[in-house]
Amino acid sequence: MEKVVDFECPIYEMAKDNPEFIQIMYDLGFTKIKIPGMLTSVGRIVNLKKGSRAMGIDLQEIKAKFEVHGYEVKNFD
C-alpha cells in the first residue's frame with residue numbers, strides 16, 4: 001500500500017482504510033478523530049489544511065510527522 005497524505009483530500013478518504021493514519025492524527029492532537037461518527041461526518045468535508053486551522057495545529061508539524069512515518073506528502077503548498 002502506497003502511503004500518501006494529501007493536504008487537500010478529505011480526512012475521511014485518507015483514514016477509511018488506514019488505522020495508522022488515524023493514530024498519527026490522534027497523536028498530533030486531533031483527538032476528536034476517535035469520537036464515534038466524527039470521522040464519517042466532519043471528516044468527509046474537512047481536509048488537513050482546514051483541520052489544522054480549526055485545531056490550531058501547525059501544518060509543518062503535521063507534514064513532518066507523516067514524513068517520519070514514511071508518507072509521501074501531496075498538496076502541502
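The largest nonpolar core here has 22 residues, and Val 5, Ile 11, Phe 21, Met 25, Leu 48, Ile 62 and Phe 66 have the most contacts inside it. A nonpolar core is a set of buried Ala, Val, Leu, Ile, Met, Phe, Trp, Tyr and Cys residues joined through side-chain atoms within 4.5 Å. Keep in mind that this is a predicted model, where local features need pLDDT of at least 70, side-chain atom pairs count only at pLDDT 80 or more, and totals for chains, interfaces and linings use all residues. Residues are numbered from 1 along each chain as its sequence is written, and side-chain values use heavy atoms, with hydrogens and water left out.

- In soluble globular proteins, nonpolar side chains tend to be buried together.
- Helices (H or I, at least four residues) and strands (E, at least two) are DSSP runs, numbered from the N terminus.
- Val 5 sits in strand β1 (residues 4-6) and counts as buried at 0% relative accessibility. Buried means under 20% relative accessible area, exposed over 50%, and partly exposed in between (1.4 Å probe, protein chains only).
- Leaving aside neighbours within four places in sequence, Val 5 is in contact (heavy atoms within 4.5 Å) with Met 14, Phe 21, Leu 48, Phe 66, Tyr 71, Glu 72, Val 73 and Lys 74.
- Val 5 and Lys 74 are 69 residues apart in sequence, yet their C-alpha atoms are 6.2 Å apart in space.
- Ile 11, with neighbours within four places again left out, is in contact with residues including Phe 21, Met 25, Ile 33 and Leu 48.

**The largest pocket**

- About 250 Å³ of space lies in this pocket. On a 1 Å grid over the protein atoms alone, a pocket is an open set of points where a 1.4 Å probe fits, with protein on both sides within 12 Å along at least five of seven lines; lining residues have an atom within 4 Å of a point. Grid points are joined across faces, edges and corners, and the volume is the space filled by probe spheres set on the points.
- There are 14 lining residues, and Ile 11, Phe 30, Met 38, Val 42 and Val 46 lie nearest the centre.
- Helices α3 (38-41) and α4 (48-55) each supply at least two lining residues, with the largest share, four, coming from α4.
- The lining splits into 10 nonpolar, two polar and two charged residues. Here Ala, Val, Leu, Ile, Met, Phe, Trp, Tyr, Cys and Pro count as nonpolar, Asp, Glu, Lys and Arg as charged, and the others, Gly among them, as polar.

**Polar contacts and buried polar or charged residues**

- Lys 49, found in helix α4, counts as buried at 15% relative accessibility.
- The Lys 49 side chain makes a polar contact with the side chain of Glu 8 (3.0 Å) and reaches the backbone oxygen of Asp 77 at 3.1 Å. A polar contact is a pair of N or O atoms within 3.5 Å; within protein, one must be able to donate a hydrogen and the other to accept it, and residues adjacent in sequence count only if both atoms are side-chain atoms.
- Asn 47 lies in the loop between α3 and α4 and is buried, with a relative accessible area of 11%. A polar atom of the Asn 47 side chain lies 2.8 Å from the backbone nitrogen of Lys 50.

**Around α5**

- At the start of α5, a side-chain oxygen of Asp 58 reaches to within 3.1 Å of the backbone nitrogen of Gln 60.
- Just after α5, Gly 70 takes a positive phi of about 85 degrees.
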